[in-house]
Amino acid sequence: MAKNSLLEAFNIEREETITPSVNDYDIFPDKKLLDDLRTKIVENLIDKEIPENKLLNEFINDEIDSTIEGYDLSNLERAHLFNLIDNEINGYGPLTELLKDKNITEIMVNSPKEIYIEIDGQIRKDESVSFINDEHIIRTIQRLIGPLGRTIDASNPMIDSRLADGSRINAVIPPLSTKGPIITIRKFKEEMTSIEDLIRIGSLTPYMATFLDAAVRGKCNIIICGGTGSGKTTLLNILSGFIEGEERIITIEDAAELRLRQNHVISLETRVINYDNEGEITIRDLVINSLRMRPDRIIVGEVRGSESFDMLQAMNTGHDGSMTTLHANSPKDALNRLETMVLMSGLDIPIRAIREYIVNAIDLIVNIDRTSDGRRKITSICELTGMTENEINISEIFAFHQKGLTEKKEVDGEYVLYNKKRPKVYNKIAARGINDIDYMFKK
């Protein structure tokens, strides 16, 4: 058989070129000089207008040459300085490379010199980048949210939105923030999009995945609860992928983060008040309106207030298979919060009636935690089985029991399936002809 190339013909082994990861200030060791030059160049570029006869890159290069005159910089240092300035003009300033890094899941800017990142669930300070001053942070915020049609200023000092790639951005500036402008970006992890991904990283077992798949297809009403950054929205997005393609799904969110692949999906997003304190559209407004849109299922990104009653009403009136997330630290805590939020709707309803309404509406509660080692785990899948003496009964189906920590400070534990008898929700799933979980439970 003929050789495909000269390399193969002469049996030459190709050497792989390994490019080491280098921090910004490893290239430019004099951090103070780099910051001084960057500050001066950026301020000069802001003050000047680009001449009509020059391209942007030429304009930047001329300004750099003018500023570094008299300094003995290497070609690598000058190239690095150009990249920094180019990021300011064409990117998102110091955040440009952090946003590109797929290993970083969260970016937190507390001050110009205080930037933290999260990698593999662990938060650490990033010493490789910094902002010039508070105004530099505000300019970066405006560049991030500008394409979204949003703005931030003294009269509108807080923003909660999402970037084009689905990452969520929250920014707060004075007078609300006394320390200065604050940015928090929770990056959208594009590769974490399937239940197999969660199994691979140990967030749940194949049995649990099969059960949740059957529960979603069996149109169980599900609440996902967990703390901040525990992965509630990611899990909701993955579970939504189990919904049959012909169903009409309406998603409701503050900032559109869900990415459903079905064809018949309607996405609704809230709207904040304008400068005239008018035009606000809340989650509750959208939930109420969605009931008039002939949905098969309603998926709410997160319930936080009075809309919880309308969500329960939808679950109780023919919209089986609806799902939402709720900020809580355990299934019991989730039920207590749900009661409180229903009371926020202003309806004069006895506590017992609220609890009965909750029991009739919700089939499953899925609790996801971020453990002490930074990993996400589904620690409980439980069902609501009824009431005893005005208290809601919860029965565990799956649970994660932590035994301790390994030598590497990783959480050590085991998943448990309670299968002495079939759960109540099994009947609802089986009634739709789904028998995928028959082998898991005793009759």
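**Entry 1: Arg297 and Glu247**

I looked up the burial of Arg297 and Glu247, and both are buried; buried here means under 20% relative accessible area, exposed means over 50%, and partly exposed lies in between (1.4 Å probe, protein chains only). The model is predicted, so local features need pLDDT of at least 70 and side-chain atom pairs count only at pLDDT 80 or more, while totals for chains, interfaces and linings use all residues. Residues are numbered from 1 along each chain as its sequence is written, and side-chain values use heavy atoms, with hydrogens and water left out.

The side chains of Arg297 and Glu247 meet in a salt bridge at 2.8 Å, N to O (a side-chain nitrogen of Lys or Arg within 4 Å of a carboxyl oxygen of Asp or Glu). This pair links distant parts of the chain, 50 residues apart: Arg297 is in strand S10 (residues 297-300), and Glu247 is in the loop between helix H10 (232-240) and strand S8 (249-253). Helices (H or I, at least four residues) and strands (E, at least two) are DSSP runs, numbered from the N terminus.

**Entry 2: further salt bridges**

I searched the whole structure and noted 24 salt bridges. Side chains of opposite charge can pair when their charged atoms come close.

I recorded a salt bridge between Asp310 and Arg284, with the closest N and O atoms 2.6 Å apart. This pair also links distant parts of the chain, since Asp310 is in helix H12 (residues 307-316) and Arg284 is in helix H11 (residues 283-290), 26 residues apart. Asp310 is buried at a relative accessible area of 5%, whereas Arg284 is partly exposed at 23%.

I then examined Glu97 and Lys100, whose side chains meet in a salt bridge at 3.9 Å, N to O. They are 3 residues apart in helix H6 (residues 96-100), which means that about one helical turn separates them. Glu97 is partly exposed, with a relative accessible area of 41%, and Lys100 is exposed, with 57%.

I also noted a network of salt bridges that links Asp320, Asp363, Lys428 and Arg432.

**Entry 3: cysteines**

I searched for disulfides (pairs of cysteine sulfur atoms within 2.5 Å) and found 0 in the whole structure. The closest cysteine sulfur to that of Cys225 is in Cys382, at 7.4 Å, which is too far for a bond. Cys225 is buried at 0% relative accessibility, and Cys382 is buried at 1%.

**Entry 4: the nine-stranded sheet**

I traced an open sheet of 9 strands with mixed pairing, in the order S9-S8-S10-S11-S7-S12-S13-S14-S15. Its edge strands are S9 (265-269) and S15 (411-417), each of which pairs on one side only. The twist averages 25° from one strand to the next; axes are lines fitted to C-alpha atoms, for helices over the stretch in contact, and angles run from 0 to 180 degrees between N-to-C directions.

Strand S10 pairs with strand S11 (residues 323-327) in the parallel sense over 2 bridges, where two strands count as paired if DSSP finds at least two bridges between them. The bridge partner of Val300 in S11 is Thr324.

**Entry 5: strand S1 and its partners**

I counted 7 of the 8 residues of strand S1 (residues 104-111) as buried, so S1 is largely enclosed by the rest of the structure. S1 and strand S2 (residues 114-119) pair in the antiparallel sense over 6 bridges, and they form a hairpin with 2 residues between them. Met108 has Tyr116 as its bridge partner in S2. S1 is also joined to strand S6 (residues 182-186) by 4 bridges, and these two strands run antiparallel. Ile107 has Ile185 as its bridge partner in S6.

**Entry 6: helices**

I checked the span of helix H13 (residues 331-343): at 1.5 Å a residue its 13 residues should span 18 Å, and its end C-alpha atoms are 19 Å apart, which agrees. The expected span is 1.5 Å times one less than the number of residues. In H13, Pro331, Ala334, Leu335, Leu338, Glu339, Met341 and Val342 are buried. They cover an arc of only 165° around the axis, which puts them on the same side of H13; the arc is that of the directions from the helix axis to the C-beta atoms.

In helix H10, 7 of the 9 residues are buried, so H10 is largely enclosed by the rest of the structure. Among them are Leu235, Leu236 and Ile238.

Finally, I located Ile429 in helix H15 (residues 425-430), where Ile429 is buried at a relative accessible area of 0%.
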